[in-house]
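Work through the exercises below with the sequence and the model open. Each task is followed by a solution in steps.

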Amino acid sequence: MTTVYDDVGDQAAGDVPMRRIAFTINGARKIAEVEPRLLLAHLIRRGVGLTGTHMGCDTTNCGACTVLVDGKPIKSCTMLAVQADGHEITTVEGLASASELHPLQEGFRAEHGLQCGFCTPGMMLAAKALLDVNPDPTEEDVRWALSGNLCRCTGYQNIVKSVLWAAAKLRSQSAG
Amino acid sequence: MYPSRFRYEAPRSLEEAIRLLHEGGDEAKIMAGGQSLVPLMKLRFASPELIVDINNVPGLDYHRADPDGTLRVGALCRHADLERSDLLKQAQPTMAAAAPLIADPLVRNRGTLVGSLCHADPQGDWASVVVALGGSVVARGPGGRRAIPAAEFVTGPFENALAHDEIAVEAVIPAPVGTRSGGYLKLERRVGDFATVGVAVALETSDGSVTRAGIALTGVGGSTIAATQAAAALMGGPLTPESIERAAEAAAEAAQPRSDHRGSAEYKRHMVRTFVVRLLSRDGASVGKAA
């Protein structure tokens, strides 16, 4: 079977071999040939074509590029794509099912958890990692878990409410 | 931003990693969490020709206590592992206080304590903590293993005592002789920022008397500062308001802060003093109870 990838402008120099990596993204198994200096965020956006992962500061400060690697939130601008070899990645595109939004996405809509929306994918993934281990967080827990994700619009009030809304919805779903 | 081009190897054993380092000479660099190295490479402050990624080396992600209480932290133990550690909460108050203050939750999921020590940023929190605890770093190279006291491991800003073909495989915190107490306080402008000022205090007491003291300072000098005179001021007796005052004064004198966008030198020195008093006053209460 042949898989075709977007050109990510990632041509290795003669003395730097490309690396072949296998990874899973949002449940789909992928194989890619990457130059070692390609960042995970580049692979996701330009290689796989999933542009929901945003590049904000590109300096490990803002958390806009947050994705889950093996369920843990990390900054994809600060991990090499080759390091995804053998690992499982979840991006914001992996939250919703074909028919419905994830409760976190519903929560951000219901509680007005975004204005410009640039930080939102990273916020939702950091929040998902929290709710996966702590289904009933306090406001303090939510603020702590999101403390690596910066938002320049909202003042965080509604983001925190959105995550608490999603937590309540997820709890009611699992109770029902 | 892209780093400069580099060759990438991800060995599956320490022996292989050491061989790659040995062959790579000064242009080879170990990557563990990469949370300092990748940003430096993107900004082209570092342009190693060979990256030896040790994330696939098995058996380095531990932190555990020996039967005698010696704590060992492996090269792939992440900050988040330490933040969640019951072992630290029970037996390592200074480390337990510092772990949640490292960078931000996302960085803590990848960054490592041992990598932080190797990076030797004057504003790195772990170096102060490990120095205050009298810890050491175990290095492995072609010639075998050696332990380097943490106070000697950091040789200057962004410089460590490793030879080019040595890997720091674990940090070691010696077992306490008496009852261990202490803490870490960090002043930062926002979560994830480097420390404006950080102070680590590690004490051991027996029968209400201080038998070992360590105080180290973050972010107030060209490298981590061991405030040895401040620690000495606490030795041999119970903590008293007078001894705490002497230690705080000596720690403030040991600081070599510079005025910058995070605060004036005078302010930083004042905060060192304040943090030492706060940390020791808190301990004073627990030491009093134990006695």
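**Exercise 1: The interface of chain A and chain B**

Task: Count the salt bridges between chain A and chain B in this predicted model, then describe the contact around them.

Solution. 
Step 1. The count between chain A and chain B is three salt bridges.
Step 2. Look at one pair: K42(B) and D58(A) form a salt bridge, with the closest N and O atoms 2.5 Å apart. The pair qualifies because the cut-off is 4 Å.
Step 3. Turn to polar contacts. The rule finds 13 residue pairs across the interface of chain A and chain B, both residues at pLDDT 80 or more.
Step 4. Assign the chain A side to elements. α1 (40-47), β4 (72-75) and α4 (139-145) of chain A each supply at least two residues to the side that touches chain B. β4(A) gives the most, with four residues.
Step 5. Sort that side of chain A by residue class: 17 nonpolar, 13 polar and eight charged.

**Exercise 2: Extent of the chain contact**

Task: How many residues does the contact take from chain A and from chain B? Which residues of chain A lose the most area to chain B?

Solution. 
Step 1. Chain A contributes 38 residues to the contact, and chain B contributes 31 residues.
Step 2. Between them, the two chains bury about 2,900 Å², with 57% of it on carbon and sulfur atoms.
Step 3. On the chain A side, R37(A), Q83(A) and W144(A) lose the most area to chain B. Together they make up 22% of what that side buries.

**Exercise 3: Domains 2 and 3 of chain B**

Task: Which helix gives the most to the side of domain 2 of chain B that touches domain 3 of chain B? Build up to it from the domain bounds.

Solution. 
Step 1. Chain B is assigned domain 1 (7-53), domain 2 (63-173) and domain 3 (179-281).
Step 2. The C-alpha centres of domains 2 and 3 of chain B lie 19 Å apart. Their contact takes 26 residues from domain 2 and 27 residues from domain 3.
Step 3. These two domains of chain B bury about 2,000 Å² between them, 57% of it on carbon and sulfur atoms.
Step 4. The rule finds one salt bridge across this interface. D125(B) and K186(B) form a salt bridge, their closest N and O atoms being 2.9 Å apart.
Step 5. The polar contacts between domains 2 and 3 of chain B number twelve residue pairs, both at pLDDT 80 or more.
Step 6. α5 (93-98), α8 (125-132) and β8 (154-156) of chain B each supply at least two residues on the domain 2 side. α8(B) gives the most, with six residues.

Note on methods. Residues numbered from 1 in each chain as written. Chains lettered and ligands numbered in written order. Predicted model: local features only at pLDDT ≥ 70, side-chain atom pairs only at ≥ 80, totals over all residues. Heavy atoms only, no water. Contact = heavy atoms within 4.5 Å. Buried area = accessible area lost by both parts, 1.4 Å probe. Salt bridge = Lys/Arg side-chain N within 4 Å of Asp/Glu carboxyl O. Polar contact = N/O pair within 3.5 Å; in protein donor to acceptor, adjacent residues only side chain to side chain. Nonpolar A, V, L, I, M, F, W, Y, C, P; charged D, E, K, R; others polar. Domains from an automatic or database assignment.
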